[in-house]
Amino acid sequence: MEPTVSPPGPLKLSLRVNGVSYVGEVEPRKTLADFLREDLGFTGVNLGCEHGVCGACSILLDGAVVRSCILLAVQADGSEIATIEGLAQSERLHPVQQAFLEHHALQCGFCTPGMVMAAIDLLTRVRSPTEPQIREALSGNLCMCTGYTNIVRAVRAAAEETATSPKHE
Amino acid sequence: MNSPWTGKAVHPREDRRFVTGRGQYLPNVSFPKMLHAAILRSIHPHARIVSIDVTEAQKFPGVACVLTGEQATQMSRPLRSLIPLPVEVPYYCLAYEKARYVGEPVAAVAATNRYVAEDALEKIRVEYEPLPAAVDPEASMKPGAPLLFEPLGSNLLWHDCFNYGEVDEVFRQAAHVVRERFLIQRYSSTPLETFGCIAAYDPSRPYLTLWTNDQRPGQAMPIIAHSLGLAHTQIRFINSDIGGGFGNKRKPPYLVLAAVLSKLSGRPVQFIEDRRENLMALVHACNGAMDLEVAVSEDGQLLGLKVRDIADEGANVLNPTVHSLLKLGNITNCYTIRAVQFDGYSVMTNKCPSGANRGIGKPFMCFALERMVDEVARRLGKDRIELRRQNLVSPESMPHTSPTGSFIDSGNFPETLNKLVALIGYDSFQQEQAKARTEGRWLGLGLALAVEPSTSNQSSYILTTKKRTASGAAEAAMVRVESDGSVQVVLGDVGSGQGHQTAAAQIVADELGVDFERVHVSPYFDSLVSPWLYTTGNYSNKFSGTDVGAIQGAARKVREKIITLAAHLLSLPPQELELADGAARSKKEPHNRKTLEELAHVAYRDLLALPPDMEPALEGRFYYRPAIANLPDEQRRVRNQLFVSNAGHAAVVEVDIETGKISILKYAIVHDCGTVLNPVIVEGLVHGATAHGIGAALYEEFVYDEQGQLLTTTFVDYLKPTAVEVPDFKTDHLESPSPFTPLGMKGVGEGGAIPAPAALVNAVENALEPLGVRFSDLPLTPERVWQAIRLARTK
Amino acid sequence: MKPAPFRYYRAGSLPQALELLNGAAEGGKLLAGGQSLVPLMNLRLARPEALIDLNPIRELSYIRSENGEIAIGALTRHREMEFSALIARELPVLGAVMPQIGHPAIRNRGTLGGSLAHADPAAELPCVLTALDAKLIMVGSSGERVARAEDFFIGTYTTTLSDHEILKEARIPLTEANAGWSFLEFSRRHGDFALAETAVLLFTKDGRASARVVVGGSVDRPLRVRSVETLLENELARNSNSIENLLPEIERLTVSEVQNSEAAREDSEYLRNLTGVLARRAVKEAVDRWSQP
């Protein structure tokens, strides 16, 4: 790979988001979160702190949960991204989304996309997580509404659901 | 009315949009040619603004306009304070002449995007002349303190001393008088979505459209209209989904600022706080000090209180005294105390403006009271449960009026306590504690009881304003059966995560006898469409107190019309009809019916089939006001908030005495908010409020240094509890319906935030009882705990 | 909260990165995981003129066993270390520390090299790698050099890495079986940087008991508590099982070493106390592991 020299002006970027390819240009300093929201319209990526603490902007980058507010969009060149908008298959929700609904694991909903992503990251690594493991996995995501209790319950339920049912996706 | 829907654990319908990432939060709203604003903020706690040079910023590529405080004074009027001041103060959307706290807006830029706007801020040159700052509230109210507003001659915004009952007599006769001083820190609920707005000003009409997550449209509208010199008809105010509010999201100055920038640039302007701005400049709950004296009889009866309360309002000149009034109104908590003296002070300092925050004032009231009750029990050698039980307002004496005029409409406080004691396992705990101590583990159990009043009575502000700017309480709603028979509901108060849309649909479905799924509730507030009044908005836990009445009232208007129309079409007397299964039908012969769709067809299209004197359409608007709101009487007693829920919290904690670390091992909550409309929603709100209380007790604090610099401006320094710190909650419920609300419901959003700090600190003190450690302030950081232990051990 | 403009360069290989660092992007910052750097840039507390993105250099991401050492590439992400069977088996103390670093989303991006080069005194990896006596390999235009971890960290956010060098690898010697170890950390909340931390390693080397006790948090760089190490070595050499009696002394020695160290960060009695308590507890835990393999 040739070193890419940026100054001045935008850089070329190609990536896949929720299974769809995008090719575009972006100013190097633009965060991945802003790029996803503003350039591609994935407004389910919420900005809660923009300094990598609250987790509201969490997405899956090549399958792993990351905070898109502290990644540059240019760093996502060539990658595969999943946002909350891409999880449901038409009317069928992802098991984690479904569990969040069934356990009312949200109130204002602003943390929810990031929480769901953190939960998915956990469940792809640990099939039957314990409660402390669930709490640890969610600890990088702040929720100001729920006190976390219902979120933890939802993730536990989703884990049981995915452990006993054929694989989603 | 059948009630298949009310009381049912319906899963909040809002949730589906949110779990799929389709929330219409303010930051997701965008318009062509929209500009993005950024604000240059004071780096000084207190400084004279000598000059501002915006030349370079104005020339910066991508910048549409730059605004300074000086220009703001030409394009807007000062924001009008809600309390009377001897002279008008220059409180504009930007600092003018002086900056009064770190983070105060000094200048603003609107540019093509936020990146460019922030670049341009760096080109603005401000010359400041730093001034000494008023930081400590008690020093700030003394003569000679640096003044925030010189024309006022003092930083003391409000002082009053209230006497209720025979205070002196009670204290004279008391067997014991216990005095303690309590302190509370600055903290805030910090909704995950920060404050934001979009202003689009059309000079040709002129007309201002505002999209915002400001949670109190009814109060914001007149303030903005006055500042901008617009009639209310020239402003359209829109809320969509709000990413959490908790009282924090009320900021008329930002709305005015965005409007002025839009006027200057001729384009829509969006302003969204970043988190640093949110933490330094949106709103903090007042810090404060309370000197509390309680008169106690020989046998442990709490007879009277003397309170000296100082609320540090920061630079809040817009709506101060709210915390003070709510402490005053609820100062006897759930006890039968007969006499109260409340000496209250609202003081300005060079800090972030204070304002509403989950529980407003009541967490501090409860902290002081419930800590004091434990202290009295200790001094008298009585059991803390017994002492509480002996002093609780009994269910037989409901409704109970407290000495300050607060009206406790319903509740069974002793039963709340009984359930709490059972839930936390109080009786077996002592053994557990003793055993743990032999193993070198320091366990403690603490509890606290709290009233959780809801629905502000605007009349209570007359106590501080001395003016009848508003009185009573109310909210509005509209219900409309559309021409296809589906039902549309529009609310004055759309909520910010409390499931209002679900709850409203449950109520309307039952009133109209239709399926829940046929009822759509708009997630939007739009002042052009939504019915509203001054009290409209999402605050004071008021859904149950006013909103339910409005929804029900509007539905009943429609219901009445449906029945009249159906009676006409079926040629039956109206009293023989009922609404069920989506139709008006004969009670005796249910097959004799007209569906809502058929009726709506007549009401909207086949108009000549209507009774000759009937107005077309099936639509009802209702403005509901609770009858029990009153005005202050001659003794200055007033029903401060109107309906009183209650809660009991108990915690078992373990203290690591070597490090000061506190671990919550068990947390029990008993909650009573009257009739439960939707248990799923209630449970969630109880958990969430409790987490806020835990944050305030153990983690959260806005720290100012002695010069007034704010040291906690990111989520790295201002610590919110995470899923690891917040324990699993054990909950139990009572249902003591209010006789004074339409469905017997009472407020539910604050009950956790109020008693949690007291319960936790009581638990920590109980754990450290052998060492005699006492805490008077919050939060209990490990270092504070360790220092206190060390101090106690060296005594 | 948006970063100031900068020039962005993407390095596809180590030589390319060095070329950039000594040429077009001179004076620029290296971007590895970015979990500390980018927040600072968003807050405009860091405003590098140029960024050299090292993430494309995937050949610097590895964990392998070589010549009695575990070699870890500088761009190995925390998550790979956390889930590495090799680390879990051969370096249990490192395996145990990984889940305590930040949160999953941080660990999915954060890299070993980034964490070490950032040298946050409250971070976990500098402390534990010092205890493990890791060798750090740095490359510059004139070739490679090696530093022991304990010499690499010289102060708050400061290391001996020059502006023209890149950290390439950490090599951790495998200690003898029968090792005792512990890592304890105290932070306000789970995942926060440490207020105090202690790593303890006990092992036999050339038939002799060896101890490494390193504290962090209250000091501006990982600090070896040599008085405690000596005490432990003597005690273990005697094959004594009475460490219990020495624990108060271990705490006292730790507090006193921290207090007298030029690395002490601030005059905080609380933090010193905390460090002493953790050291005592960590030693106890390590000794328990040592004596019950």
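Let's start in chain B, with a pair of strands. Strand β27, residues 641–656, and strand β28, residues 661–672, pair in the antiparallel sense over 11 bridges. Take one position on that pair. Val652(B) has Lys666(B) in β28(B) as its bridge partner.

One thing to keep in mind throughout: this is a predicted model. The predictor gives the complex an ipTM of 0.96 and a pTM of 0.97.

Back to the sheet. Which strands make it up, and in what order? The order is β18-β27-β28-β29 in chain B. That is an open sheet of 4 strands, with mixed pairing. Now look at the edges. β18, residues 442–456, stands at one of them, and β29, residues 730–734, at the other. Each has a single partner strand, so one side of each is left without a neighbour in the sheet. Neighbouring strands here are turned by 20° against each other on average, direction ignored.

There is a helix on this sheet too. Helix α13 of chain B, residues 413–424, lies across β18, β27, β28 and β29. Against β28(B), helix α13 runs at about 140°.

One more stop in chain B: Tyr624(B). This residue sits in strand β26, residues 618–624. Buried or exposed? Tyr624(B) has 21 other C-beta atoms within 10 Å. The cut-off for buried is 20 or more, so Tyr624(B) counts as buried. What does Tyr624(B) touch, leaving aside its neighbours within four places in sequence? The contacts are Ala474(B), Glu475(B), Thr546(B), Gly549(B), Ala550(B) and Gly553(B). For a sense of distance within the chain, take Arg379(B). The C-alpha atoms of Tyr624(B) and Arg379(B) are separated by 48 Å, and the two residues are 245 apart along the chain.

Now chain A. Chain A has 5 helices and 6 strands. Along the sequence, the pattern reads β-β-β-α-β-β-β-α-α-α-α. What about its overall form? The radius of gyration of chain A is 16 Å, close to the 15 Å from the globule rule for 169 residues, so chain A is as compact as a globular protein of that length. Along the principal axes, its C-alpha atoms fill a box of roughly 50 × 35 × 25 Å. Buried residues make up 63% of the 169. Then the contacts in chain A between residues at least 6 apart in sequence: 58% of these join residues at least 24 apart.

How confident is the predictor in chain A? The mean pLDDT is 93, and 92% of the residues reach 70 or more. Residues 1–6 are a place for caution. Over that stretch of chain A the pLDDT is below 50. Beyond near neighbours in sequence, the stretch has 18 contacts in the model.

Let's zoom in on strand β2 of chain A. β2, residues 11–17, pairs with β3, residues 20–26, in the antiparallel sense over 7 bridges. Their hairpin has 2 residues between the strands. In that hairpin, Asn18(A) takes a positive phi near 50°. β2(A) also pairs with β6, residues 80–82. Here the strands run parallel, joined by 2 bridges. Arg16(A) shows both pairings. Its bridge partner in β3(A) is Ser21(A). In β6(A), Arg16(A) stands opposite Glu80(A).

How do chains A and B meet? 45 residues of chain A are in contact with 42 residues of chain B. Which helices of chain A each supply at least two residues of that side? They are α2 (95–102), α3 (112–125), α4 (131–138) and α5 (149–164). By class, the side of chain A that touches chain B has 23 nonpolar, 16 polar and 6 charged residues.

Last, chain C. How many helices and strands does chain C have? There are 12 helices and 14 strands. Its radius of gyration is 19 Å, which agrees with the value near 19 Å for a compact globule of 293 residues. The C-alpha atoms fill a box of roughly 60 × 45 × 35 Å along the principal axes. Of the 293 residues of chain C, 55% count as buried. For contacts in chain C between residues at least 6 apart in sequence, 64% join residues at least 24 apart. Chain C averages a pLDDT of 94, and 98% of the residues score at least 70.

Terms used. Residues are numbered from 1 along each chain as its sequence is written. Chains are lettered from A and ligands numbered from 1 in the order in which they are written. This is a predicted model: local features need pLDDT of at least 70, side-chain atom pairs count only at pLDDT 80 or more; totals for chains, interfaces and linings use all residues. The radius of gyration is taken over C-alpha atoms; the globule rule is 2.2 Å times the number of residues to the power 0.38. A residue is buried if 20 or more other C-beta atoms lie within 10 Å of its own, exposed if 12 or fewer, and partly exposed in between; C-beta atoms are placed from the backbone. Two residues are in contact if their C-beta atoms, placed from the backbone, lie within 7 Å. Two strands pair if DSSP finds at least two bridges between them. Axes are lines fitted to C-alpha atoms, for helices over the stretch in contact, and angles run from 0 to 180 degrees between N-to-C directions. Ala, Val, Leu, Ile, Met, Phe, Trp, Tyr, Cys and Pro count as nonpolar, Asp, Glu, Lys and Arg as charged, and the others, Gly among them, as polar. pLDDT is the predictor's confidence in each residue, from 0 to 100.
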